[in-house]
Amino acid sequence: MSYIKDCDNCKHLIRHYILTFNRYMPLSYGHCGNRELAQQRRKDKHRLQGNCPYWEQRQDEIAEKAESIKDEIAFMRRNLDQILNILQNYEDYGV
């Protein structure tokens with residue numbers, strides 16, 4: 001599985017939000033929370049970049065993907081059980 005290694009999906013991104021209609025809405029920018037880059041990027045702290053050598057995948061994203069895969073497998077299992085029941089019914093009728 002490949003990932004786009006940009007700030008937008010990096011664990012170091014500290015996203016900025018705006019309060020609108022009593023809800024916080026994420027903005028399309030933020031700043032890097034990686035201490036090694038803090039001094040280097042101070043001038044461009046709101047600019048998201050691609051191909052960063054310090055990129056690390058967010059752990060919540062990994063957990064979300066794993067949960068999604070589990071849900072899909074459970075859905076497929078239910079469908080396969082239904083197909084098996086149909087085939088067994090055909091066998092009962094000698095088809």
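This is a predicted model: local features need pLDDT of at least 70, side-chain atom pairs count only at pLDDT 80 or more; totals for chains, interfaces and linings use all residues.
Which residues does Cys 52 touch, not counting residues up to four places away in sequence?

Figure 1. Leaving aside residues up to four places away in sequence, Cys 52 touches Lys 5 and Leu 37. Cys 52 itself sits in the loop between helix H1, which covers residues 35-38, and helix H2. Because its relative accessible area is 12%, and buried means under 20%, Cys 52 counts as buried.

**Figure 2. A nonpolar surface patch that includes Ile 83.** Leu 80, Ile 83, Ile 86, Leu 87 and Tyr 90 together make a nonpolar surface patch of about 500 Å². Ile 83 belongs to helix H2, which runs over residues 59-92.

**Figure 3. The protein chain as the setting for both close-ups.** The secondary structure comprises 2 helices and 2 strands, which follow the pattern β-β-α-α when read along the sequence. Of the 95 residues in the protein chain, 15% count as buried, and the accessible surface comes to about 8,300 Å², with 53% of that surface belonging to carbon and sulfur atoms. Among contacts in the protein chain with a separation of 6 or more, 42% are accounted for by residues 24 or more positions apart.

How values were computed
Residues are numbered from 1 along each chain as its sequence is written. Side-chain values use heavy atoms; hydrogens and water are left out. Patches are made of residues with over 30% relative accessible area and no salt bridge: like charges are joined within 9 Å, nonpolar side chains (Val, Leu, Ile, Met, Phe, Trp, Tyr) within 5 Å. Accessible areas come from the Shrake-Rupley method with a 1.4 Å probe; for residues, only the protein chains shown count as cover. A salt bridge is a side-chain nitrogen of Lys or Arg within 4 Å of a carboxyl oxygen of Asp or Glu. Helices (H or I, at least four residues) and strands (E, at least two) are DSSP runs, numbered from the N terminus. Buried means under 20% relative accessible area, exposed over 50%, partly exposed in between (1.4 Å probe, protein chains only). Contact means heavy atoms within 4.5 Å.
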